[in-house]
Amino acid sequence: QIPKTQLAAVSDDASGFEIREIPVVQPNQLEPGRALVKVLYSGVCHTDLHVIKDDWPVKAERPCIAGHEGAGVIVAINDPISKFKVGDRVGIKWIAHSCNQCEFCIAGDEPLCLEAKCSGINAQGSFMQYCPAYTSQLTPIPDNLDMAEAAPILCAGVTVYKALKNSRTRAGQWIAIPGAGGGLGSLAVQYAKWMGLKVIAIDTGAEKKKYCEEIGAAAWVDFMESKDIVAAVKACTPDNLGPHAAIITSPKPEAYLIAMEYIRPRGTVVAVGLPPAGAYVKADVFYTVLQNKTLTSSYVGNRQDAIESLEIAADGHVKCRIETVPFKSLDKVYTQMAEGKLVGRAVLDLFA
Ligand code: 8ID
Ligand code: ZN
């Protein structure tokens, strides 16, 4: 019952993409180390928009198929060594494949593998109905987690969960989340809350403010309305010293110009959002030294981070606000995303 053709969102160049019919790799054509995954749902990440618009220093091999929050079921497999089998619920992430033998892979830093393949860049992503995925980086999805809700965890969730681990914070401390109303940010607010942190949500608009308060943010700063964001963020903490850390989930560079300033002494800024080429972090050298501030970064997560982030969602501690839309609405989703109008995540139903 595996069809000969399928729908896929194929991008030939930076002008956009087209949902068109392409062949399905048949079970007897699967390369070794691959599984054919019937993709049921896929979240749309701002990374997909960067890839389609081609505004990053890293370029996709075109024609490309983006999508890296894919939740689906294995319908065929050509990998006698893998424990995955037909019928397994699995996720397709940004890291689609890694060698698992280099220094980085062995230490659990698979995103740093020099041979890593990324969904949409040099591997086919989840904006297709039947993805010939590498088994090396497939993620098992817990039985008690809804597939549409699992989708955004596969990138947004695991990324912010790992960024929080890298933030050097502990329960009771304050953390600022610029981009708090978006996909990564709204999950960051929730994972942070679950870890016992107090959250300063930074984003714009009444709807995002309301949502951030609903999911437990202790304070809100509107980056469009505030005349002095640094002072406003510092004022959210009772001693006016600012948060212990900030996780930058904004896709625009502006958030990177002020974060090193509003964190408190000994504080940490975690760079996560990936603005177009040419963006910089601003850090005053004198006060970075005298206040012992740290700039670090976090790039998705490894396979274990993915498993843990899904488990936390399956246990009901975080729940992404999703709007499930038909595959053909992808173009509309990109437009809303570019305009900053999405709250939480849009998730595509590949078969609607
Ligand atoms: O591994 C990684 N480091 C990783 C993983 C996944 C995604 C990095 N990313 C990157 C994406 O490529 C993108 O650049 O994280 C960024 C955010 O992705 P997203 O959460 O999928 O984007 P979104 O849903 O559009 O949300 C972005 C939010 O940022 C706000 C917007 O209002 C929106 O709610 N925002 C903007 I635009 N400018 C802001 C600013 N100056 C801002 N919030 C605070 N300050
Ligand atoms: Zn992503």
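1. Let's start with ligand 1: domain 1 (5-155 + 301-349) and domain 2 (157-297) both contribute residues to the shell around ligand 1, so the ligand lies between them. The domain bounds come from an automatic or database domain assignment.

2. Before going on, some housekeeping. This is a predicted model, where local features need pLDDT of at least 70, side-chain atom pairs count only at pLDDT 80 or more, and totals for chains, interfaces and linings use all residues. Residues are numbered from 1 along each chain as its sequence is written, chains are lettered from A and ligands numbered from 1 in the order in which they are written, and side-chain values use heavy atoms, with hydrogens and water left out.

3. Now the shell itself. Ligand 1 is surrounded by 31 residues, and the closest are H46, T47, D203, V300 and R345; a residue is near the ligand if one of its heavy atoms lies within 4 Å of it. By type, the shell has 14 nonpolar, 12 polar and 5 charged residues. Here Ala, Val, Leu, Ile, Met, Phe, Trp, Tyr, Cys and Pro count as nonpolar, Asp, Glu, Lys and Arg as charged, and the others, Gly among them, as polar.

4. Which elements supply at least two residues each of this shell? They are α1 (46-53), α5 (183-194) and β12 (198-203), and α1 gives the largest share, 3 residues. Helices (H or I, at least four residues) and strands (E, at least two) are DSSP runs, numbered from the N terminus.

5. One is 2.6 Å from a backbone N or O atom of V300, one is 2.9 Å from a polar backbone atom of G183, and one is 2.8 Å from an N or O atom in the side chain of R345. On its own, ligand 1 has 920 Å² of accessible area (Shrake-Rupley method, 1.4 Å probe), and the protein covers 94% of that.

6. V300 turns up again elsewhere: together with K93, W94, I95, L154, V158 and G301, V300 lines the largest cavity. About 30 Å³ of space lies in this cavity. A cavity here is a set of points, on a 1 Å grid over the protein atoms alone, where a 1.4 Å probe fits but cannot get out, and lining residues have an atom within 4 Å of a point. The volume is the space filled by probe spheres set on the points, which are joined across faces, edges and corners.

7. Two backbone spots to check. A cis peptide bond, with omega about 5 degrees, joins R62 and P63, and P63 sits in the loop between α1 and β4 (64-65). N100, a residue other than glycine, has a positive phi near 65 degrees; N100 is in the loop between β7 (95-97) and α2 (103-106).

Technical notes: Polar contact = N/O pair within 3.5 Å; in protein donor to acceptor, adjacent residues only side chain to side chain. 1 Å grid on protein atoms, 1.4 Å probe; cavity = no way out; pocket = protein on both sides within 12 Å on 5 of 7 lines; lining within 4 Å.
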